Amino acid sequence: MDKIKLNFINKSNDAKNNNVVIFQQNAAQEFEKTAIAWKVIENSAKLDNHPFTFSMGYEVSACDSYGNFTPMFYTYEGTAYEMVMDNSGSVLRVASKPATNLSQIEIKNALPSGIIDANCYRNNRLIATKTNLKPGDKAVFEFYPRLFIGVVPEIEEGDILDSAIISQINSQINLFGITSADIVMTGGGPGNNSTPFYFNLENINKQ
């Protein structure tokens, strides 16, 4: 199975059409209380649906101190990469040895000098980043099969979610063993009748 088919359905009472943000946290660096807005569903009206996929693989790239991005590598857990210098300049390549932990992806700055940013993507959308890696430093990425989802006004894909925003998002969606499902949002509403937003999986198909 290369991807999970998901379908967001808005059954809430929200009349403001607030943005719904979906993200994951890098389990290898949970002490860093930030995340990336991986997917944002905008302007969803009541009973709208929004299909999307969740790839089981990843893409990685690196960015040098001049703002140049390497081509993306499609990859899976257990693979290690290194940024090295060759005749054409700095390039990202697969390392000769796999990642230390086969549940993780590693990107090492093996340049003689200069900092890099290591980026990890899912479905070609940024899901995590590690910035300012000095020579010899290594970024490690690991993700559990779960999504965090919540309502955040005025958020855009790729935005950094700080600890204050993350602390307001309590809904987790467990995707372990699932091939497809609907993510149904309920709750919301005007004034004193408003209730918290709630997200639940329905029409679940498993392996």
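Reply: Strand E17 (residues 178–188) and E18 run antiparallel, with eight bridges joining them. Strands here (E, at least two residues) are DSSP runs, as are helices (H or I, at least four), and both are numbered from the N terminus. Two strands pair if DSSP finds at least two bridges between them. In general, strands of a sheet pair through backbone hydrogen bonds, either parallel or antiparallel. Across this pairing, methionine 185 stands opposite phenylalanine 199 in E18.

A quick word on the ground rules. This is a predicted model, where local features need pLDDT of at least 70 and side-chain atom pairs pLDDT 80 or more, while totals for chains, interfaces and linings use all residues. Residues are numbered from 1 along each chain as its sequence is written, and side-chain values use heavy atoms, with hydrogens and water left out.

Back to the sheet. It is an open one of four strands, in the order E5-E1-E17-E18, and the pairing is mixed. At the edges you'll find strand E5 (49–55) and strand E18 (195–206), each pairing on one side only. From one strand to the next, the twist averages 20°; axes for that are lines fitted to C-alpha atoms (for helices, over the stretch in contact), with angles running from 0 to 180 degrees between N-to-C directions.

Now the rings. Phe, Tyr and Trp rings (the six-membered one for Trp) pair if their centres lie within 6.5 Å; planes under 30 degrees apart are stacked, over 60 edge-to-face, and the rest tilted. That rule gives six aromatic pairs. One of them is phenylalanine 23 with phenylalanine 148, stacked at 5.3 Å centre to centre and 10° between the planes. This pair links distant parts of the chain: phenylalanine 23 is in strand E2 (residues 20–23) and phenylalanine 148 in strand E14 (residues 146–151), 125 residues apart. Phenylalanine 23 counts as buried because its relative accessible area is 0%, and phenylalanine 148 does too, at 8%. Buried means under 20% relative accessible area, exposed over 50%, and partly exposed in between (1.4 Å probe, protein chains only).

Elsewhere, ring pairs link Trp38, Phe52 and Phe54 into a cluster. Tryptophan 38 also has the charged end of arginine 125 sitting over its ring, 4.6 Å from the centre. To count as sitting over a ring, NZ of Lys or CZ of Arg must be within 6 Å of the ring centre and within 35 degrees of the ring normal.
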